[in-house]
Amino acid sequence: MIALALPAQDSGEFNPPGIEEMHLPAILPWGVADGFSKQMLLVILSVVIIATFFLLAARKQQLVPGKLQFAGEMAYGFVRNGIAKDIIGGKDFMKYVPLLFSLFFFILVNNIYGAIPVIQLPSFSHVGGAYVLAGIVYVTWIAIGIKKNGLKYFKLATVPSGVPVYILPIVIPIEIISNFLVRPVTHSLRLFATMLAGHLIVMIAGSGIEFLVMQENILLKGTSLLVIAGAVAMYMLEALIMALQAYVFTLLTAIYIEGALHADSH
């Protein structure tokens with residue numbers, strides 16, 4: 001905030017970086033409309049990292065696990081027991097563990113990129129990836145609801161039980177908009193917006209530090225220490241939010257699946 005109030009590298013005033021500077025030029029300009037970007041490369045790399053880690057962790061399945069196997073089991077158990085079993089419960093949760101497990105670690109790794117100095121680009125700071133994941137989840141829970149309840153699912157999802165008939169003309173449109181329009185949008189934008197905002201704040205702080213250090217005025221140079229302290233605090237907060245958003249996205253997915261499975265009892 002101090003940096004934003006200061007005078008620019010070219011005109012004597014500070015010019016903070018914009019959103020366009022977060023999305024780097026294409027690495028390979030052919031094959032896709034927008035080329036092969038750094039974010040695409042990081043997404044592919046995340047799949048390789050996740051697959052490699054869990055394959056190595058599961059390679060030697062010992063009764064007394066080693067460190068790597070223990071870490072893999074703890075990671076799997078967190079999603080299996082802490083999300084799938086607690087939210088979906090019953091006999092149904094196991095079949096959805098692979099989806100929830102994949103979502104959690106895929107989002108986590110792609111978010112954590114933003115905390116790595118050399119990479120420092122969370123993949124989901126670009127809205128396209130968030131839309132794709134939310135779209136997959138959206139189609140999944142609707143398909144689960146139809147499979148379990150048939151087309152009656154849409155009635156169960158939009159007509160709350162126990163609501164007086166004369167209020168239904170007001171409630172039903174609200175339920176349709178909330179469940180089938182707003183839900184997928186907020187599911188994606190929550191992930192995208194937090195990654196974009198956090199990364200942008202860190203970029204602004206970094207540019208502000210560089211600007212202040214280059215000033216001739218000793219007082220402005222000293223002010224850079226305050227910006228550094230704020231930047232470190234924001235960096236740690238962003239790292240926490242990266243992990244939290246992976247958890248929230250996966251938790252909401254489990255809640256939507258549970259709602260589709262037990263729509264007749266809600």
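Modeller: G82 lies in helix α2, where helices (H or I, at least four residues) and strands (E, at least two) are DSSP runs numbered from the N terminus. Bear in mind that this is a predicted model: local features need pLDDT of at least 70 and side-chain atom pairs pLDDT 80 or more, while totals for chains, interfaces and linings use all residues. Residues are numbered from 1 along each chain as its sequence is written, and side-chain values use heavy atoms, leaving out hydrogens and water.

With a relative accessible area of 26%, G82 is partly exposed; buried means under 20%, exposed over 50%, and partly exposed in between, using a 1.4 Å probe and protein chains only. Leaving aside residues up to four places away in sequence, G82 touches G77 and Y247, a contact being heavy atoms within 4.5 Å. The C-alpha atom of G82 is also 9.3 Å from that of L251, a residue 169 places away along the chain.

Y247 brings us to the aromatic side chains. It belongs to one aromatic cluster together with F53, F54, Y76, F78, F101, F104 and F105. A pair of aromatic rings is described by the distance of the centres and the angle of the planes. Here, rings of Phe, Tyr and Trp (its six-membered ring) pair if their centres lie within 6.5 Å; planes under 30 degrees apart count as stacked, over 60 as edge-to-face and the rest as tilted. The structure holds 14 aromatic pairs. One of them is F78 with F104, a tilted pair because the ring centres are 5.5 Å apart and the planes stand at 55°. This pair links distant parts of the chain, with F78 in helix α2 and F104 in helix α3, 26 residues apart. F78 counts as partly exposed at 38% relative accessibility, whereas F104, at 7%, counts as buried. F106 and F124 make an edge-to-face pair, since their ring centres are 6.0 Å apart and their planes are at 75°. This pair, too, links distant parts of the chain: F106 is in helix α3 and F124 in the loop between α3 and α4 (127-149), 18 residues apart. Both F106 and F124 are buried.

F54 of the cluster is also one of the buried residues of α1, along with Q39, L42, S46, I50 and A57. They cover an arc of only 85° around the axis, which puts them on the same side of α1; the arc is that of the directions from the helix axis to the C-beta atoms. Among what covers these buried residues are α2 (67-88) and α3 (97-112). Helix α1 itself has 20 residues (38-57) and should span 28 Å at 1.5 Å a residue, which agrees with its end C-alpha atoms being 28 Å apart; the expected span is 1.5 Å times one less than the number of residues.

Stepping back, the protein has seven helices and zero strands, and buried residues make up 38% of its 266 residues. An unreviewed UniProt entry places "transmembrane region" at residues 40-58, 96-116, 128-146, 153-172, 192-213 and 225-257. Over residues 225-257 the model is 100% helix, with end C-alpha atoms 48 Å apart.

How values were computed. UniProt positions renumbered as here; feature names shortened; annotations may be inferred.
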